[in-house]
Amino acid sequence: MKTIGVLTSGGDAPGMNAAVRAVVRTAIDMGMTVKGIRRGYNGLIEGDIVDLDIRSVSDIIHRGGTVLYTARSPKFKTEEGMKAAIENCKKYGIEGIVVIGGDGSYRGARDLSLNGIPCVGIPGTIDNDISSTDYTIGFDTAMNTAMEMVDRIRDTAQSHFRCSVVEVMGRRAGYIALHTGIAVGATAVLVPEIEWDINEVIAKIEKTKKTGKQHFIIVVAEGVGGVEDIAKQIQDATGIESRATILGHVQRGGRPTVRDRVMATRMGYAAVELLNQGIGNRVICARSGEIYNTDIYEALNMTKTMDKQVYEVANTTSI
Ligand code: ADP
Ligand code: F6P
């Protein structure tokens, strides 16, 4: 391939910029030119496409968000949207695309590949909910941010002998909640993947209180929701003053951690290596710290299950 495109799609994630930088510099090193497609698939449909050179990706490795902007593009799922996207690929000479995003973006990449534009996906989402990979770009930064925020909440909860019920992001997945919950020593972690019972949470708070504990943190995934209600039920049942906090988008922004920068850079390199060999329809994945790639169709058909043992570790140690 002589010219490839790169785009970021779906929810932004810290580390996406490091991946874009790696894609651009690797491709140029391999003798290709690179087009930056802005605003995800919308930019492909509308021709919002810019040339990227070595210097256009300077000073971005440490920045959150995505310099290419991102979008959710319902139009891309239509026949008309796909037609416009393909026409623009031809117009700009784009022969292959690196798509950085989540499962939805992978589906778009699969459709583009089927229509003759080979794509390679890179997992970019704070939720870590992509089945084909152990790790997604942005997850580490989001967890570290959530941990820092909960540490701050703990200071005030501890000062007032309160229970703080904190919602972290993850509409369909509880990975941020589970890992943050362990890192902050939460009394309970509630995730959408595992059944829970408010009476058990209350019983655990009561039991822990008897051992001398005076403040409590409950971490709740967005997909479980209802933190105000959970806090009220805890307060009503235990008499412990309770407060609810929704951390929200603070978890999506900020400087990427070393882990996110390194993984993004390695994945960006791996994606371009494939396109340079004319190989598309693949997604990059991480397993046991190594970088692999797998067929995009297979990736979309895999399922990821939460490790119940890790959940058990969280519950056992938070007493
Ligand atoms: P993520 O990539 O983070 O999962 P979304 O699910 O919002 O985010 O998907 C991002 C974009 O990918 C969508 O706005 C749409 O343009 C494209 N996309 C999502 N699902 C499909 C699908 N089933 N077929 C084709 N394109 C899709
Ligand atoms: O997929 C990343 C994520 O931040 C989820 O954790 C969250 O449910 C969702 O995106 C929120 O998306 P937005 O606020 O951009 O619509």
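An oxygen atom of ligand 2 lies 2.7 Å from an N or O atom in the side chain of D127; a polar contact here is a pair of N or O atoms within 3.5 Å. R252 also has a side-chain N or O atom 2.8 Å from an oxygen of ligand 2, and for R171 the distance is 3.4 Å. On its own, ligand 2 has 400 Å² of accessible area, and the protein covers 79% of that (Shrake-Rupley method, 1.4 Å probe).

A word on the source. This is a predicted model, with local features needing pLDDT of at least 70 and side-chain atom pairs counting only at pLDDT 80 or more, while totals for chains, interfaces and linings use all residues. Residues are numbered from 1 along each chain as its sequence is written, ligands are numbered from 1 in the order in which they are written, and side-chain values use heavy atoms, leaving out hydrogens and water.

Now the shell. Which residues are around ligand 2? They are R72, T125, I126, D127, M169, G170, R171, E222, H249 and R252, each with a heavy atom within 4 Å. By class, five are charged, three polar and two nonpolar, with Gly counted as polar and Asp, Glu, Lys and Arg as charged.

Next, the domains. An automatic or database assignment divides the chain into domain 1 (3-138 + 256-300) and domain 2 (140-252). The shell around ligand 2 takes at least three residues from each of them. Over C-alpha atoms, the centres of domain 1 and domain 2 are 34 Å apart. Between them, 13 residues of domain 1 are in contact with 12 residues of domain 2, contact being heavy atoms within 4.5 Å.

Methods. A polar contact is a pair of N or O atoms within 3.5 Å; within protein, one must be able to donate a hydrogen and the other to accept it, and residues adjacent in sequence count only if both atoms are side-chain atoms.
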